[in-house]
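This report describes how some parts of one protein chain are arranged. Keep the sequence and the model in view while reading.

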Amino acid sequence: MTDVTIPSSNLQAADLIRDEARRAPDKPGVYRMYGEDGTCLYVGKAKSIKKRILQYAQGRFHTQRIGLMVSLTRSMELVVTASETEALLLESNFIKKLKPRFNVVLRDDKSFAELMIRKDHRAPQVRKHRGAHTTPGDYFGPFASTWAVNRTLNTLQKAFLLRSCSDSVYETRTRPCMLHQIKRCSAPCTGLISLEDYGDLVDEASQFLKGKSRAVIARLSTDMTTAAEAMDFEQAARVRDRIRALSAIAMENSVSADSVAEADVLALFSEGGQACVQVFFYRAGQNWGGRAYFPRVDKADIDPEILAAFLGQFYEDKPIPRLILSNVRPHELELLEEAFSMKAERKVEIARPLRGDKLSLVDHAHTNAREALGRKMAEGSAQGKILDEVCEAFGLETRPERIEVYDNAHIQGTNAVGGMIVAGPEGFQKSQYRKFNIRDTELSPGDDYGMMREVMRRRFSRLVKDEEEGAEEVVRPDLLLIDGGAGQLAEVLAVLADLGLDDIAVVGVAKGPDRDAGLERMFMPGKPPFMLPLKSPALYYIQRLRDEAHRFANGAHRTRRSMDIKKNPLDEIEGVGPGRKKALLHAFGSAKGVSRAAVVDLMKVDGINQPLAERIHAFFRKS
């Protein structure tokens, strides 16, 4: 892969492109078109970069939108690839990263949860996982929702009795935990099951997650019969309960088509310049949930091109199944199949079923896509009207596209956290939420003004820095909502003025007497406090935003407080790292046990010499 950078020019757009086409290579690759301010306008791939750019230079535009894109182009960057397949993969990567204005862009692309059975421990653990596959083990997914992965995890615990505890807990157990008592774990930590027999359970769980549930159930049925014939009715009852757990989830999620044991089912529905792609994941013969996506499209985009762009970006960082079913034949299907097969290192098929069970699955997804887009368009229309009401209520010049709402949470000043939520025409933008752990040690406990001052300074100092450095996707808020009255408003305005950001609208929302909803007072610079009409849609909307900010800040505070509670005193002792901490806990059972130990007893633990033993002993006596 070779980068070819063509410098900016003062030529008119068509002349610039024509000049660049003369020097462009007649090879496959990816081209990026940039506007005057350096933002990426479009990313495309071609079998021959030279021929594709010549088409732009000759004015061969399919739509007015492409003509506008060309007219705005001021520079181009080219990347030569070994093949058109490699160019397709690189194009998807660039689009997902740069989000060009004139491309179909996938939005709200969150990572999915998976189940992982670890392979780097003598008693493998089953747990939820997100992110890169850095830990050795078998990964199963994706699951479209936390509910789906939790349900499957509970089934694995009931049916296969696999441990879910961390290694540190496993190593320090001296008796079975509650999960063993409720028949969710076989307790390998205390030797109630041999590691060989536990390994058999792990293998059975892997077989089940790979779609071989019938074989697993048949084998368990045989074991139950054998135990009953041997008059071991207690064992037979345990196996019976495992069979029931497996059968329940198998019946609940069974797919009528045996041929879709592993497949992603997609359906595209587009209308009025908007589009929805509904995705369902089928793994191990079970429906592991689905999610609706709303890619950014143009009215001129046709369905095959929309779906092709979606597929390329969607699978850029996700495992690709052997079979992808859709209601639309994507543009350049064979090239997509080749690219996906190369990436997955096995054959990948993209099919549009015309009959049978597979068509029923696609039709079901299509119905979901149509209904999801209908709901979104209705919500978008209502949301636009509400934002117009907010614009009028606060005297803003234009409808706010990005609203940031701030709230603080603490208990008598401890574990103080500031929360920021973001909302706009598309509702809450949860990927933009941020929390700020209050760091200023000189603040008085419960100093709400000081906390708000710190949050504002950190948030907007970063914004100013990013703008100065020309960082991508730096978006200023159009409106700030602050939980508080005149005092909090003054602190925020002072910070913004210091940073030269006094053009951002700020509103303080003070709770009514006795915190009654509907009696909130609004504070704006240069205006006396005022209230919105009781039945005003803008008031209801402000209340929703405030409640969401309060929920988010409180959740962040609870998480921080919980982490503080779980903190082990041994972590605070200099010289006690993870290894020595583990040895101490193993020797004395808990931090409380360590605190009671004498110096001579501490010295008997591997890695603990006399000076360190005295330091540990003194630490607890001092505490």
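In this predicted model, helix 4 and helix 12 (residues 333-344) pack with their axes 9 Å apart, at an angle of about 80°. Angles of 65 to 115 degrees count as roughly perpendicular, and helix 4 and helix 12 are therefore roughly perpendicular to each other. On the side of helix 4, the contact involves Glu84, Thr85, Glu86, Leu88 and Leu89. On the side of helix 12, the partners are Leu335, Leu336, Glu338, Ala339, Met342 and Lys343. Sorted by type, the residues of this contact are six nonpolar, one polar and four charged.

Helix 4 (residues 84-98) also meets helix 11 (residues 303-314); their axes come within 8 Å and cross at roughly 85°. Helix 4 and helix 11 are therefore roughly perpendicular to each other as well. Here Ser92, Ile95 and Lys96 of helix 4 touch Gly312, Gln313 and Phe314 of helix 11. Two nonpolar, three polar and one charged residue make up the contact of helix 4 with helix 11.

How are helix 1 and helix 2 placed relative to each other? Helix 1 (residues 13-23) packs against helix 2 (residues 49-57) at an angle of about 160°, and their axes are 8 Å apart. Angles over 145 degrees count as roughly antiparallel, and helix 1 and helix 2 are therefore roughly antiparallel to each other. The crossing of helix 1 past helix 2 is left-handed. Helix 1 contributes Ile17, Arg18, Ala21, Arg22 and Arg23 to the contact, while helix 2 contributes Lys50, Ile53, Leu54, Tyr56 and Ala57. Of these residues, six are nonpolar, none are polar and four are charged.

| Helix pair | Angle between axes | Distance between axes |
|---|---|---|
| Helix 4 and helix 12 | about 80° | 9 Å |
| Helix 4 and helix 11 | roughly 85° | within 8 Å |
| Helix 1 and helix 2 | about 160° | 8 Å |

Which residues of helix 3 are buried? In helix 3 (residues 64-72), they are Arg65, Ile66, Met69 and Val70. Viewed down the axis of helix 3, these buried residues fall within an arc of 140°, so they line one face of the helix. An α-helix has 3.6 residues a turn, so residues three or four places apart point the same way. The buried residues of helix 3 pack against helix 1, helix 2, strand 2 (29-34) and strand 3 (40-46).

Two loop residues have backbone angles to note. Lys99 is in the loop between helix 4 and strand 5 (113-118). Its phi is near 50°, which is a positive value in a residue other than glycine. With 36% relative accessibility, Lys99 counts as partly exposed. Glu345 lies in the loop between helix 12 and strand 12 (349-351). Glu345 is not a glycine either, yet has a positive phi of about 60°. At 73% relative accessibility, Glu345 counts as exposed.

Some single positions follow. Val417 is part of strand 14 (residues 414-424). Is Val417 buried or exposed? Its relative accessible area is 0%, so Val417 is buried. Leaving aside neighbours within four places in sequence, Val417 is in contact with several residues, including Asp407, Asn408, Ala409, Phe436, His557 and Arg560. Val417 and Asn437 are 20 residues apart along the chain, and their C-alpha atoms are separated by 4.7 Å.

Thr135 sits in the loop between strand 6 (126-129) and strand 7 (137-143). At 18% relative accessibility, Thr135 counts as buried, since the limit for buried is under 20%. Not counting residues up to four places away in sequence, Thr135 touches Met116, Arg118, Asp120 and Arg127.

Asn150 belongs to helix 5 (residues 146-160). Its relative accessibility of 27% makes Asn150 partly exposed. Between the C-alpha atoms of Asn150 and Lys128 there are 8.1 Å, and the two residues are 22 residues apart along the chain.

Last come values for the chain as a whole. The chain has 20 helices and 19 strands. Of its 623 residues, 46% are buried. Among contacts with a separation of 6 or more, 62% are between residues 24 or more positions apart.

Technical notes: Residues numbered from 1 in each chain as written. Predicted model: local features only at pLDDT ≥ 70, side-chain atom pairs only at ≥ 80, totals over all residues. Heavy atoms only, no water. Axes fitted to C-alpha atoms, helices over the stretch in contact; angles between N-to-C directions. Helix = DSSP H or I, 4+ residues; strand = E, 2+ residues; numbered from the N terminus. Parallel < 35°, antiparallel > 145°, perpendicular 65-115°, else oblique. Left-handed = near helix turned anticlockwise from the far one by under 90°. Contact = heavy atoms within 4.5 Å. Nonpolar A, V, L, I, M, F, W, Y, C, P; charged D, E, K, R; others polar. Buried < 20%, exposed > 50% of the residue type's maximum accessible area, 1.4 Å probe, protein only. Arc of directions from axis to C-beta.
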